[in-house]
Amino acid sequence: NHFFSLHNAAPGSSLLVKTFNGSNNDKIIRDMELCFNKVRVIKPQSSRSESSELFLLAQNMKPVKLKI
């Protein structure tokens, strides 16, 4: 889960997440953009065109204060 990653990652780090295209993707990307300077959606060439798999690459994590 991405909260574990945010809690344990250092500022400046990156996160690569495999996900599947769905209705929550826009929200996940917006949430990641709050914590990272750059977020990209990647569909590898090796992935079948009918597959809904995507990768989200979030780079350069911003310093974040988490309230748990």
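Where does N60 lie? I looked it up first. I note that the model is a predicted one.

**Entry on N60**

I found N60 in strand 3, which covers residues 53–61. Next I checked the backbone. The phi of N60 is near 60°. That is a positive value, and N60 is not a glycine. I wrote down the background to this: most residues other than glycine have a negative phi. Then I looked up the accessibility of N60. The relative value is 38%. I put N60 down as partly exposed, because 38% falls between the cut-offs of 20% and 50%.

**Entry on N25**

My other asparagine was N25. I located N25 in helix 2, residues 25–35. Is N25 buried or exposed? I read a relative accessible area of 8%. N25 is therefore buried, since 8% is under 20%. Then I asked which residues N25 touches, leaving out those up to four places away in sequence. I listed T19, F20 and L54.

**Entry on the whole chain**

I stepped back to the chain. Its secondary structure comes to two helices and three strands. I followed the sequence and noted the pattern α-β-α-β-β. The chain has 68 residues, and 26% of them are buried. I also looked up contacts between residues at least 6 apart in sequence. Of these, 60% join residues at least 24 apart. Last came the surface. The accessible surface of the chain is about 5,200 Å². Carbon and sulfur atoms account for 53% of that surface.

Note on methods:
Residues are numbered from 1 along each chain as its sequence is written. This is a predicted model: local features need pLDDT of at least 70, side-chain atom pairs count only at pLDDT 80 or more; totals for chains, interfaces and linings use all residues. Side-chain values use heavy atoms; hydrogens and water are left out. Helices (H or I, at least four residues) and strands (E, at least two) are DSSP runs, numbered from the N terminus. Buried means under 20% relative accessible area, exposed over 50%, partly exposed in between (1.4 Å probe, protein chains only). Contact means heavy atoms within 4.5 Å. Accessible areas come from the Shrake-Rupley method with a 1.4 Å probe; for residues, only the protein chains shown count as cover.
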